[in-house]
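This report describes the helical packing in the entry shown below. Please consult the sequence and the structure while reading.

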Amino acid sequence: MSWAQSLIKLSAYEAEILQRRLADIAERRDAVTTILQAMDMEAALESAHAEGDAEAGWYLIGFREGLALRRAKAVADLKALAMEEQGCRDALQDSFEAKKKYEQVADADARARVKVAAAREVVEMDASAARRATVRSAA
């Protein structure tokens, strides 16, 4: 395997790892979003319960304060995940660009090798033709 093919393979592996990481981030983001939705449903249920029971209304204030803290933590987690996702997307884009550069270098190297081989073949054919011409003129 040539050095260029090794670089292409390594950059493809790096891109694959980053894609897995991006999928993991998306799963975590979905989980936090689900938690936020569950909190909203829980708040609605608690409010409905407090409307029917005066004693539960006293506990509703504490529940809402606790819910606000939990919600703030979940929103902060979502913001952190958004930043992590953006960083991962940028790294993935850089990885794809590097892979493309390596592929272009490998293609240019392959074309140069073909060009050199063709030039050698032309030189060998010219030398062979010159030898034949020399043999024919000597005879």
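Is Ser 11 buried or exposed, and what is its relative accessible area?

The model is a predicted one. Ser 11 belongs to helix H1. Its relative accessible area is 4%; because buried means under 20%, Ser 11 counts as buried.

The side chain of Ser 11 reaches the backbone oxygen of Ile 8 at 2.9 Å. When residues up to four places away in sequence are not counted, Ser 11 touches Ser 95, Lys 99 and Tyr 102.

## Helix H2

With 85 residues, H2 spans 123 Å from its first C-alpha to its last, which is close to the 126 Å expected at 1.5 Å a residue. A kink of about 30 degrees is present in H2, centred on Leu 60.

## The nonpolar core

The largest nonpolar core comprises 16 residues, and those with the most contacts inside it are Met 39, Phe 63, Leu 67, Ala 74, Cys 88 and Leu 92. Helix H1 (3–52) and helix H2 (54–138) are the elements that give two or more residues to this core. H1 supplies the largest share, 9 residues.

Technical notes:
Residues numbered from 1 in each chain as written. Predicted model: local features only at pLDDT ≥ 70, side-chain atom pairs only at ≥ 80, totals over all residues. Heavy atoms only, no water. Core = buried A, V, L, I, M, F, W, Y, C linked by side-chain atoms within 4.5 Å. Buried < 20%, exposed > 50% of the residue type's maximum accessible area, 1.4 Å probe, protein only. Helix = DSSP H or I, 4+ residues; strand = E, 2+ residues; numbered from the N terminus. Expected span 1.5 Å × (residues − 1). Bend = angle between axes of the 7 residues up to and from the residue. Polar contact = N/O pair within 3.5 Å; in protein donor to acceptor, adjacent residues only side chain to side chain. Contact = heavy atoms within 4.5 Å.
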